[in-house]
Amino acid sequence: MRFAESLSRPGFGAIAEFKRRSPSAGDISPGARVEDVVPAYEAGGSRAVSVLVDEAFAGSLDDLRAARAVTGLPLLAKGFFSAEEHLRELREAGADAALLILRDLDDATAAKLTQAAEELGLDTLVEAHDEEELERATRLGARVIGVNARDLGTFRIDRAAQLELVAKAPRDRVVVAESAVHTRAQAAAAELAGANAVLVGTSLMRADEPGAKLRELLSRPLVKVCGLTRQEDVDVAVEAGADLCGFIFAEGSPRRAPEILDVPDTVLSVAVFVGEAEDQAADLVQLYEREEGNVRGRDAVLLRDGEPVARVADLPWDGEDPDHWQNARGDDRLVLAGRLGPDNVRAAIRAVQPWGVDAASRLETSPGIKNHEKVRAFVQEAR
């Protein structure tokens, strides 16, 4: 299967990267062997493997050849390529795709290299790090566009700017979010912005078990702890491994939060509203319809920048509706909510296989006050 074809398969995927060092981070895993790491990436579910072949990353074409010998996955050669002879060497060493960095290439050169790659049977990943370069990649007809969170000139990471570009990328292209993904929530943020895949290197190379770390980044469901009103409860949810922290701003809710509390960038914050969303500095909004006689309706939509990215099915998981599992099924991203707790979340996941699970009331000692042991148990059972 070709590189672009593998990345365009349904669902969200990853390109796992092999690199021993980087100019920004220094040594990452200087003694790493391709023969050990790349098979672990394949077992961990990677859709392609990126191999650094540049000396600045302690890489070489021999690493590419070694990767070709141990995997059938598409191989992306990463380095600074500016001539057709570079592409020819990559193809001969076993590459299926090559990185083209628009920061270093004018349009004429990029077009020439793209054409040369096609003639050699190579796909390309055309990398952009700002809006102008994204427009250039689109005009060049790039089928696979990489959006790098790292500015290669300053090495500064700007995830917010990256996600804005991912969201602006044309939907008829394969979009890859590159750099600085260390948690499931960070990968999910790229997914919700519209990326088909993430390219992950450093966090995998530093892991004791790279394949297991990759499986963790891609695993679902995500876990949301909602109805948080105290910083100490947020801290426990994050420490336990929650991916999303929810803050309710509905009038009349006993779990109404004073504000969006401090959430690290390894986790996504969610502001929950009824009827109409207000301005809050949250990564996502969970919006319920109003319902006469109740604080809110049952089901909700999860929004990113005002656009729906998932639905929330808030059903009576305690058995009042014998068909509730079947009713929750669907092809879209689904977050299960409604009386989920440590005792039943695993059964819910097995039955529905949702994108996320959401709990609030059954993790409490009183409304808005979390029981820390229940929070930990819920996250552990869900993950």
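This is a predicted model: local features need pLDDT of at least 70, side-chain atom pairs count only at pLDDT 80 or more; totals for chains, interfaces and linings use all residues.
Residues are numbered from 1 along each chain as its sequence is written, and side-chain values use heavy atoms, with hydrogens and water left out.

Student: How far apart are the end C-alpha atoms of helix 5, and what span should its 14 residues have?

Tutor: Helices (H or I, at least four residues) and strands (E, at least two) are DSSP runs, numbered from the N terminus. The expected span is 1.5 Å times one less than the number of residues. For residues 107-120 this gives 20 Å, in agreement with an end-to-end C-alpha separation of 20 Å.

Student: Which residues of helix 5 are buried, and what arc do they cover?

Tutor: Buried means under 20% relative accessible area, exposed over 50%, and partly exposed in between, using a 1.4 Å probe and protein chains only. The buried residues are A110, L113, A116 and A117. They lie on the same side of helix 5 because the directions from the helix axis to their C-beta atoms cover an arc of only 130°.

Student: Which residues are exposed on the other side of helix 5, and what covers the buried ones?

Tutor: The other side carries the exposed residues A108, K112, E118 and E119. The cover over the buried residues includes helix 4 (84-93), strand 6 (97-101) and strand 7 (123-128).

Student: Where is the cis peptide bond from R220 to P221, and what is its omega?

Tutor: P221 is placed in the loop between helix 10 (210-218) and strand 11 (222-225). The bond from R220 to P221 is cis, and its omega is near 15°.

Student: Is Q353, which has a positive phi, buried or exposed?

Tutor: Q353 is not a glycine, yet its phi is positive at about 55°. This residue belongs to the loop between helix 13 and strand 18 (356-359). Because its relative accessible area is 67%, Q353 counts as exposed.

Student: Which residue has its backbone nitrogen 3.2 Å from a polar atom of the D233 side chain?

Tutor: D233 sits in helix 11 (residues 231-240) and is buried, at 1% relative accessibility. Apart from neighbours within four places in sequence, D233 is in contact (heavy atoms within 4.5 Å) with L228, G368, I369, K370 and H372. The backbone nitrogen lying 3.2 Å from the polar side-chain atom belongs to K370.

Methods:
A polar contact is a pair of N or O atoms within 3.5 Å; within protein, one must be able to donate a hydrogen and the other to accept it, and residues adjacent in sequence count only if both atoms are side-chain atoms.
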